[in-house]
Amino acid sequence: MKPFLKLYRGYANEQELIVMGHVFNSNKVKDYDYKKNNFKNATAIINLFRAKTKPNADVYLKYKNSTIRTRTLDDGYFKFCIPVDTSVGFGWIDYEVSIIHNNESIVEKGSYIRPTEGSLGIISDIDDTFLISYTSNPLKKLYVLLFRNVNSRKIYRNVVSHYQALSSAGRNNKNEQNAFFYVSSSEWNLYTFIIRFTEIHQLPRAVLLLKDIKTSLKDFVFTGRGGHNHKFEKIKHILEFYPNLKYVLLGDDSQDDPYLYEDICKIFPVNVKAVYIRQTGSSKSKKVTSVLNNLKELNVEICYFKNSDEAIEHSKRIEVI
């Protein structure tokens with residue numbers, strides 16, 4: 001059976017390029033489509049979590065005039081961390097990765113961003129931060145994931161306007177964008193779904209950093225749940241990778257975002273300019289309010305909001321946008 005190579009958006013700074021992806025045993029993953037029929041969508045989503053990956057497979061990155069080889073990890077994941085060639089320029093840049101099957105080369109093209117020098121980086125959660133997911137109600141979250149296809153999933157009002165303004169903040173050239181990341185406890189299985197959702201709603205093009213891939217139905221039941229240490233590590237990595245940026249962190253109060261962001265602000269006391277937390281319930285959480293007040297004492301601008309209009313006004317007031 002012919003394997004399938006899936007690439008994710010990568011990123012680069014002045015010294016290093018990082019690109020990544022998965023190798024699957026079957027190209028059936030490639031044929032996956034989000035049907036208009038919601039019941040067919042359920043089947044397609046479940047199949048995503050049944051996909052089998054290919055461990056220890058040779059993977060080749062074509063970069064400039066050389067070809068670099070690595071192998072996949074036990075879960076089929078691969079990651080190239082290599083010195084960047086600064087002559088490649090800035091913005092979104094294409095890259096090419098290949099695998100060999102029966103002496104045939106299977107080639108896929110992806111893209112990575114090398115942000116033009118700027119001053120702002122944006123890191124956003126996904127579920128219940130811009131994509132309405134009902135995280136606090138696991139059964140409803142599962143139902144919506146299965147029986148609401150990507151075209152019928154809902155987004156919070158005016159969140160797109162806020163994110164687009166943050167993406168272009170401080171930029172005179174409309175083709176330049178700030179470094180933008182979507183970091184989530186959702187697994188790599190849902191990568192294509194998230195990309196399509198952001199494209200449908202014209203959210204900023206961003207790098208996704210997700211949780212380790214799942215390969216069984218048992219794991220599917222617990223999608224997006226469990227510990228959130230990986231989110232902390234991914235966000236910490238971004239701030240270390242782009243140390244000269246000031247960051248805006250966006251999340252919600254349905255899980256651990258406020259507490260993760262508090263830890264990040266304590267470790268990087270000069271890097272975080274503002275923290276935005278969406279209120280998902282009928283009232284503000286006293287614990288979250290306490291955390292945000294603590295951040296305010298650390299000279300971090302905070303906004304605990306119900307509607308994105310409030311977040312937009314706050315960003316204008318502190319001159320982020």
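Predicted model: local features only at pLDDT ≥ 70, side-chain atom pairs only at ≥ 80, totals over all residues.

Reply: Val 275 stands opposite Ile 302 in E13.

A second pair of residues links the two strands: Ile 277 has Tyr 304, in E13, as its bridge partner. The neighbouring strand is E12, residues 272-278, and its pairing with E13 is parallel and runs over five bridges. In general, the strands of a sheet are paired by hydrogen bonds of the backbone, in either a parallel or an antiparallel way.

E12 and E13 belong to an open sheet of six strands, whose order is E10-E9-E8-E11-E12-E13 and whose pairing is parallel. E13 (301-305) is an edge strand of this sheet, as is E10 (207-211), and each of the two pairs on one side only. Direction ignored, neighbouring strands in the sheet are turned against each other by 15 degrees on average.

How many of the five residues of E13 are buried? Four of them are, so E13 is largely enclosed by the rest of the structure, although it is an edge strand.

Two helices touch this part of the sheet. Helix H8, residues 286-297, lies across E12 and E13 and runs at about 160 degrees to E13. Helix H9 packs on the sheet and touches E12 and E13, and the direction of H9 makes about 160 degrees with that of E13.

H9 (residues 308-317) also has a helix beside it: its axis and that of helix H3 (residues 159-168) come within 8 Å and cross at roughly 25 degrees. H3 is therefore roughly parallel to H9, as the crossing angle falls under 35 degrees. The crossing of these two helices is left-handed. On the H3 side, the residues that meet H9 are Val 159, Ser 161, His 162 and Leu 166, and on the H9 side they are Ser 308, Ala 311, Ile 312 and Ser 315. Sorted by class, this contact has four nonpolar residues, four polar ones and no charged ones.

At the other edge of the sheet is E10, which is one of the strands that the buried residues of helix H4 pack against; the others are E1 (4-12) and E9 (179-187). H4 covers residues 191-200, and its buried residues include Tyr 191, Phe 193 and Phe 197.

Terms used
Residues numbered from 1 in each chain as written. Heavy atoms only, no water. Axes fitted to C-alpha atoms, helices over the stretch in contact; angles between N-to-C directions. Helix = DSSP H or I, 4+ residues; strand = E, 2+ residues; numbered from the N terminus. Parallel < 35°, antiparallel > 145°, perpendicular 65-115°, else oblique. Left-handed = near helix turned anticlockwise from the far one by under 90°. Contact = heavy atoms within 4.5 Å. Nonpolar A, V, L, I, M, F, W, Y, C, P; charged D, E, K, R; others polar. Pairing = 2+ DSSP bridges. Buried < 20%, exposed > 50% of the residue type's maximum accessible area, 1.4 Å probe, protein only.
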